[in-house]
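Please look at the sequence and the model together, and keep both in view while reading. The paragraphs below go from one part of the surface to the aromatic rings and then to the charged side chains.

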Amino acid sequence: MTSPHPSISYPLRIEGTLDCPLSRGLWLVKWVLAIPHFVILAFLWIGLLASTVVAWFAILFSGRYPRSLFDFNVGVLRWSWRVGFYSYSALGTDRYPPFTLKDVPDYPARLEVEYPQHLSRGLALVKWWLLAIPHYLIVAVFVDAGWALGTGSQDVVLLTPGGLISLMVLIAGFVLLFTARYPKPIYDLVLGMNRWVFRVGAYSLLMTDRYPPFRLDMGGQDTPPEPVSMATGSPVGTPLPS
């Protein structure tokens, strides 16, 4: 008997291929090298939040996410992930991120979000604040920092690397500095935490109605876990012992 909840991919897929070898010391100055990206992303995230508000109204009235706004928001998430993967969300590559919202197939970090043909009008009212609260508490452990950008009478808070992600990346950076090796277990854990954060981000930005799984899918490749047989507790297709 198989699990009643089949194992399928989440609508947001995030992957990263670890460069080998990596420079021992380049990570010490990547914060300087990435400044142009940080400045552009600050404005892009303001645009993303504004487009999400517009999309919220569109979902309430039509049940659809305007495709142009969706593609823009995916592009901002994609750009953010590439910069994070290069810098202090992963330190997974020394290849400088491209300045584009489009997918770059040969870049080591990639992100895609499946476009929803229909979205629940009712969920749009509650999922981004009420339903996502349990995930926000977990993400706060992974990502524990922010930029407050003044916008007149309001502040827009953009999440930046911090918390457990920053700690693990810092450890990996020092190991890399002295051994020229990035510890694979740390890399897998860092990718899993980033994947969790971006899944919650896509859900709270109204880009999917699929509730993010409470699951740390580690490793660079975003593949769904194997369905488990409730009778044996083993992955479906695993031969039974003789």
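**A walk from surface patch to salt bridges**

Tryptophan 128 has its place in helix 4, where helices (H or I, at least four residues) and strands (E, at least two) are DSSP runs, numbered from the N terminus. This is a predicted model, in which local features need pLDDT of at least 70, side-chain atom pairs count only at pLDDT 80 or more, and totals for chains, interfaces and linings use all residues. Residues are numbered from 1 along each chain as its sequence is written, and side-chain values use heavy atoms, with hydrogens and water left out.

Is tryptophan 128 buried or exposed, or something in between? With a relative accessible area of 38%, tryptophan 128 is partly exposed, because buried means under 20% relative accessible area, exposed means over 50%, and partly exposed lies in between (1.4 Å probe, protein chains only). Accessible areas come from the Shrake-Rupley method with a 1.4 Å probe, and for residues only the protein chains shown count as cover. Tryptophan 128 belongs to a nonpolar surface patch of about 760 Å², which is made by Trp128, Trp129, Leu130, Leu131, Ile133, Leu137, Tyr211 and Phe214. The elements that give two or more residues to this nonpolar patch are helix 4 and helix 5 (133–142), and the largest share, four residues, comes from helix 4. Patches are made of residues with over 30% relative accessible area and no salt bridge, with like charges joined within 9 Å and nonpolar side chains (Val, Leu, Ile, Met, Phe, Trp, Tyr) within 5 Å.

The next topic is the aromatic rings. A pair of aromatic rings is described by the distance of the centres and the angle of the planes. Rings of Phe, Tyr and Trp (its six-membered ring) pair if their centres lie within 6.5 Å, and planes under 30 degrees apart count as stacked, over 60 as edge-to-face and the rest as tilted. By this rule the count comes to 15 aromatic pairs. In one of them, the rings of tryptophan 56 and phenylalanine 57 have their centres 4.8 Å apart and their planes at 75 degrees, so this pair is edge-to-face. Both partners have been assigned a place on the accessibility scale: tryptophan 56 is partly exposed at 23% relative accessible area, and phenylalanine 57 is partly exposed at 43%. Tyrosine 211 and phenylalanine 214 form a tilted aromatic pair, with 6.0 Å from centre to centre and 50 degrees between the planes. Tyrosine 211 counts as partly exposed at 33% relative accessibility, and phenylalanine 214 counts as partly exposed at 48%. Elsewhere, ring pairs link Trp81, Phe85, Tyr182, Tyr187 and Phe198 into a cluster.

Rings can also be partners of charges. A charge sits over a ring if NZ of Lys or CZ of Arg is within 6 Å of the ring centre and within 35 degrees of the ring normal. The charged end of arginine 67 sits over the ring of tyrosine 115, 4.3 Å from its centre, and lysine 127 lies over the face of tyrosine 203, at 5.5 Å from the ring centre.

Both of these charged residues return among the salt bridges. A salt bridge is a side-chain nitrogen of Lys or Arg within 4 Å of a carboxyl oxygen of Asp or Glu, and by this rule the count comes to twelve salt bridges. Arginine 67 forms a salt bridge with aspartate 71, the closest N and O atoms being 3.1 Å apart. Both residues lie in helix 3 (residues 67–86), four residues apart, which is about one turn of the helix. Aspartate 71 is partly exposed, with a relative accessible area of 39%, and arginine 67 is partly exposed at 45%.

Lysine 127 forms a salt bridge with aspartate 209, the closest N and O atoms being 2.6 Å apart. This pair links distant parts of the chain, with lysine 127 in helix 4 (residues 123–131) and aspartate 209 in the segment after helix 7, 82 residues apart. Lysine 127 counts as buried at 1% relative accessibility, whereas aspartate 209 counts as partly exposed at 24%. Salt bridges that share partners also join Arg195, Arg199, Arg215, Asp217 and Asp222 into one network.

Which residues does arginine 199 touch, not counting residues up to four places away in sequence? Arginine 199 touches Tyr10, Leu12, Pro212, Pro213, Arg215, Asp217 and Asp222, where contact means heavy atoms within 4.5 Å.
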